[in-house]
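These notes are meant for a colleague who is opening this model for the first time. Please read the points below with the sequence and the structure side by side.

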Amino acid sequence: MAKGLLLIGGGGHCCSVIDSLVSDPACPYDKIAVIDTADKRGCTIAADIVCIGTDDELEPLRQEGYTDAFISLGSIGNPALRIRLAEKAAGFGYQFPNIIDPTAVIGQNVSFGSGIYVGKRAVINYGCLIGDGAIINTGSILEHQCRIGKYCHIAPGAVLCGNVKVGSHSHVGAGSAVKQGISIGNDTVIGLGSTVVKDIGFGVVAFGNPCEIRQNMPTEKGVSH
Ligand code: JB3
């Protein structure tokens with residue numbers, strides 16, 4: 001049977017994921033489709049890849065040869081829905097590949113969990129550890145031995161110098177720079193363009209140059225995951 005990949009969530013992030021898949025000559029899939037909300041059924045998302053159903057059809061689609069699933073819905077600071085969808089798909093036996101754009105540069109001794117996206121021209125240098133479900137987005141740089149927790153989003157153009165640790169579910173905003181050796185806690189958002197020169201704890205929103213804690217994570221963005 002043909003090997004199929006189901007992309008869960010057909011918005012902007014999904015377009016980036018599709019672009020990486022279709023530009024990869026080693027892409028192992030015979031068929032790729034999207035599931036989204038009911039109103040998107042039948043819509044073309046990108047590169048002739050179509051929305052064929054909703055999350056309610058995960059079980060029958062697994063029987064139709066969609067062996068793998070990927071959470072192609074993005075997140076800015078709150079990955080709770082991504083995590084819920086991944087758990088639902090895992091319950092039906094889907095496998096979660098890593099999707100790494102062919103233009104990304106991956107160093108030696110890099111360890112990946114599963115369900116990870118690495119975008120165009122991202123650089124992941126020697127010895128980094130990348131947790132399940134992380135998004136390492138376009139043009140970001142992870143210098144040597146960074147540790148990125150589960151379901152983090154390192155947004156486009158962020159630069160993490162060596163040995164930076166980012167806790168699970170956290171977001172490092174586009175264009176931010178993080179000094180070597182810094183730790184950022186779980187469930188934290190670093191606003192875009194920040195310069196992080198001291199450790200930032202868990203469950204906060206921090207931004208600026210120098211990056212300072214501005215507020216606790218609002219309750220609706222809370223740690224429900
Ligand atoms: O920052 C960058 C470079 N990219 C952002 C990305 C990481 O996150 C991007 O700019 C967006 O802000 C965001 O992308 P995302 O998540 O693709 O957002 P959006 O374009 O709003 O698309 C979300 C899609 O998920 C829509 O098509 C929704 O209908 C769909 N969706 C919402 N809830 C869902 C569900 N799909 C499924 N299957 N299940 C749901 O429960």
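**Notes on the model**

1. His153 lies in strand S15, where strands (E, at least two residues) and helices (H or I, at least four) are DSSP runs, numbered from the N terminus. The model is a predicted one, in which local features need pLDDT of at least 70 and side-chain atom pairs count only at pLDDT 80 or more, while totals for chains, interfaces and linings use all residues. Residues are numbered from 1 along each chain as its sequence is written, and side-chain values use heavy atoms, with hydrogens and water left out.

2. Is His153 buried or exposed? With a relative accessible area of 7%, His153 is buried, given that buried means under 20% relative accessible area, exposed over 50%, and partly exposed in between (1.4 Å probe, protein chains only). The side chain of His153 is joined to that of Asn137 by a polar contact of 3.0 Å; such a contact is a pair of N or O atoms within 3.5 Å, of which, within protein, one must be able to donate a hydrogen and the other to accept it, and residues adjacent in sequence count only if both atoms are side-chain atoms. Setting aside neighbours within four places in sequence, His153 is in contact (heavy atoms within 4.5 Å) with Ser75, Ile76, Ile135, Asn137, Ser170, His171 and Val172.

3. The largest nonpolar core has 29 residues, and those with the most contacts inside it are Ile136, Leu142, Ile148 and Leu160. A core here is a set of buried Ala, Val, Leu, Ile, Met, Phe, Trp, Tyr and Cys residues joined through side-chain atoms within 4.5 Å. Not counting residues up to four places away in sequence, Ile136 touches several residues, including Tyr117, Val118, Leu142, Ile148 and Ile154. A second, separate core of 17 residues includes Val17, Leu21, Cys51 and Ile135.

4. Val123 is found in strand S10, which covers residues 123-124, and with a relative accessible area of 25% Val123 is partly exposed. Beyond residues up to four places away in sequence, Val123 touches Val105, Ser140, Ile141 and Leu142. Between Val123 and Thr103 there are 9.2 Å in space, C-alpha to C-alpha, and the two are 20 residues apart in sequence.

5. Side chains of opposite charge can pair when their charged atoms come close. How many salt bridges does the model have? The count comes to eight, a salt bridge being a side-chain nitrogen of Lys or Arg within 4 Å of a carboxyl oxygen of Asp or Glu. One of them joins the side chains of Lys3 and Asp68 (3.5 Å, N to O), and this pair links distant parts of the chain, 65 residues apart, with Lys3 in the segment before strand S1 (4-8) and Asp68 in strand S5 (residues 66-71). Lys3 is partly exposed at 33% relative accessibility, whereas Asp68, at 7%, counts as buried.

6. Another salt bridge is formed by Lys40 and Asp36, whose closest N and O atoms are 3.8 Å apart; Lys40 is partly exposed at 26% relative accessibility, and Asp36 is buried at 17%.

7. The side chains of Lys150 and Asp132 also meet in a salt bridge (3.9 Å, N to O). Lys150 lies in the loop between strand S14 (147-148) and strand S15 (153-154), and Asp132 in the loop between strand S11 (129-130) and strand S12 (135-136), so the pair ties together parts that are 18 residues apart in sequence. Lys150 is partly exposed at 44% relative accessibility, and Asp132 is partly exposed at 26%.
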